[in-house]
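Subject: Structure handover

Hello,

Here is the structure I promised to pass on. Please look it over first, then read my notes below.

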Amino acid sequence: FVTSNHKYGEEGGGYSVVDSMVCLRLKTPLSEANGLYQLDLKTKVLPAGYTDDLLHWSGEASTITLRDSILIVLKMRNASGGSVEERFGGHISRDGRFKLEGFSKVCFMEGAIQAGFLVAEWKYYRNDFRFVGTLRGRRK
């Protein structure tokens, strides 16, 4: 519980404002998709021949679901210093499946969130390259 008291206005007159915030740390059941996820992704870079190695990405995502809708906001960095930040929104089925296009129209995910895990096929288009792989996330 955090409280702060501020006085505003002229001396002797004016008004006082008390700001309060209550924070609770809750564990939600794994059956709920809402939460923060630690992400791991290994992508192939296409067109083929650009690199022989898989490019490793890591980051975080936050998810919020409401009835049959889902919002995912993610940030990831790759081992070469690149990064991606994207927001996704769309339909989620009762069994946690989704097919989403990022708001920037360059990232795509198709997969599911179930029992505290997020698994999705990932496509990210940047310049003349395409990064494809399986995104894996575990709820924190």
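Among the elements of the protein chain, mean pLDDT is lowest in strand S1 (residues 2–8), at 50. It is highest in strand S7 (residues 97–101), at 97. pLDDT is the predictor's confidence in each residue, from 0 to 100. Strands are DSSP runs (E, at least two residues), numbered from the N terminus. The chain average is 84, and 77% of the residues score at least 70.

This is a predicted model: local features need pLDDT of at least 70, side-chain atom pairs count only at 80 or more, and totals for chains, interfaces and linings use all residues. Residues are numbered from 1 along each chain as its sequence is written, and side-chain values use heavy atoms, leaving out hydrogens and water.

Now the sheet. It is open, with 8 strands in the order S6-S5-S4-S3-S10-S9-S8-S7. The pairing is antiparallel; two strands pair if DSSP finds at least two bridges between them. Strand S6 (83–91) and S7 stand at the edges. Each has a single partner strand, so one side of each lacks a neighbour in the sheet.

Strand S3 (residues 35–46) pairs with S10 over 10 bridges, in the antiparallel sense. Val 45 has Phe 131 in S10 as its bridge partner.

Arg 67 is not a glycine, yet has a positive phi of about 55°. Arg 67 lies between strand S4 (55–66) and strand S5 (69–78). Its relative accessible area is 79%, so Arg 67 is exposed (over 50%, with a 1.4 Å probe, protein chains only; buried is under 20%, partly exposed in between). Asn 127 also has a positive phi of about 55° without being a glycine. Asn 127 sits in the loop between strand S9 (117–126) and strand S10 (129–139). Asn 127 is exposed, at 73% relative accessibility.

Best wishes

Methods: Helix = DSSP H or I, 4+ residues; strand = E, 2+ residues; numbered from the N terminus.
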